[in-house]
Amino acid sequence: IIQILTNIVSYSEPFGISEKNSTIDMIAKYINENSSDYSCLTIDNICKQIHISPSRASHLFKELTGKSIVQYKNELRIAEAKKLLITTNMKVNEIATVLHFEQCSIFNKYFKKMVGCSPNEYRNLKKSDIIT
C-alpha cells in the first residue's frame, strides 16, 4: 500500500505541473490568436473560452510566467505599437485607439514604462536608425 501511495503522489505532482502549463498555453494561445481585437481580450472573455475561473487563471498565469494576464496583453499591444510607429505614419492617438487603449495618455504611460521613451521619441529614434 505504501508503494502504491508513493507512486500516486509522485505521478500527481507532474500532472499538476503539466495541467498548469496547459492552462497557461491555452491562455497565451487565445490572447495571441485574438490580438487583432484587444477589446475582446478581457480576463472574463479569455476564461470563458478556456473554461476556467478568472481568479484561477490569473493565479496560475502569474505563478508560472511572473506576470499578470493584463501585463502579457499589454506587452503584445506595445509590441504592435512599436511596429506601427515604425511602419506607418499613423498618429500616436490613432495607434492608441487601434490598440484599444481607453485614452492616449494611458497608452503613452504604458509605452514609456515598457520601452523607456515616449511613442514619438521611439518613432524618431527608429527613423533616425533607418536613415543612418
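Here is a chat about the helices, core and salt bridges of a predicted model.

Biologist: Okay, helices first. At roughly what angle do the axes of α2 and α3 cross?

Modeller: Keep in mind that this is a predicted model. The axes of α2 (residues 43-50) and α3 (residues 54-65) cross at roughly 95°, and they come within 9 Å. Angles from 65 to 115 degrees count as roughly perpendicular, so that's the word for α2 and α3.

Biologist: And which residues meet there?

Modeller: From α2 you've got Ile 43, Asp 44 and Cys 47, and they meet Pro 54, Ala 57 and Ser 58 of α3. Sorted by class, the contact has four nonpolar residues, one polar and one charged.

Biologist: Switching topic: which residues touch the most other members of the largest nonpolar core?

Modeller: That would be Ile 27 and Phe 107, in a core of 30 residues. In general, nonpolar side chains in soluble globular proteins tend to be buried together.

Biologist: Which elements give two or more residues to this core?

Modeller: There's α1 (2-33), α2, α3, α4 (69-87), α5 (92-98) and α6 (104-115). The largest share comes from α4, with six residues.

Biologist: Back to Phe 107. What does it touch, leaving out residues up to four places away in sequence?

Modeller: Phe 107 touches Ile 78, Ala 81, Val 92, Ile 95, Ala 96, Phe 101 and Pro 119.

Biologist: Now charges. How many salt bridges does a search of the whole structure find?

Modeller: Three. As a general point, side chains of opposite charge can pair when their charged atoms come close.

Biologist: What does Lys 29 form a salt bridge with?

Modeller: Glu 33, and their closest N and O atoms are 3.9 Å apart. The cut-off for a salt bridge is 4 Å, so this pair counts. Both residues sit in α1, four residues apart, which is about one turn of the helix.

Biologist: Is Glu 33 buried or exposed?

Modeller: Exposed, with a relative accessible area of 54%.

Biologist: And which residue does Lys 83 pair with in a salt bridge?

Modeller: Glu 80, where the closest N and O atoms are 3.5 Å apart. Lys 83 and Glu 80 are both in α4, three residues apart, again about one turn of the helix. Glu 80 is partly exposed, at 28% relative accessible area.

Biologist: Then there's Lys 67. Which side chain does it meet in a salt bridge?

Modeller: The side chain of Glu 75, at 2.8 Å from N to O. Lys 67 is partly exposed, with a relative accessible area of 23%, and Glu 75 is partly exposed too, at 31%.

Notes. Residues numbered from 1 in each chain as written. Predicted model: local features only at pLDDT ≥ 70, side-chain atom pairs only at ≥ 80, totals over all residues. Heavy atoms only, no water. Axes fitted to C-alpha atoms, helices over the stretch in contact; angles between N-to-C directions. Parallel < 35°, antiparallel > 145°, perpendicular 65-115°, else oblique. Contact = heavy atoms within 4.5 Å. Nonpolar A, V, L, I, M, F, W, Y, C, P; charged D, E, K, R; others polar. Core = buried A, V, L, I, M, F, W, Y, C linked by side-chain atoms within 4.5 Å. Buried < 20%, exposed > 50% of the residue type's maximum accessible area, 1.4 Å probe, protein only.
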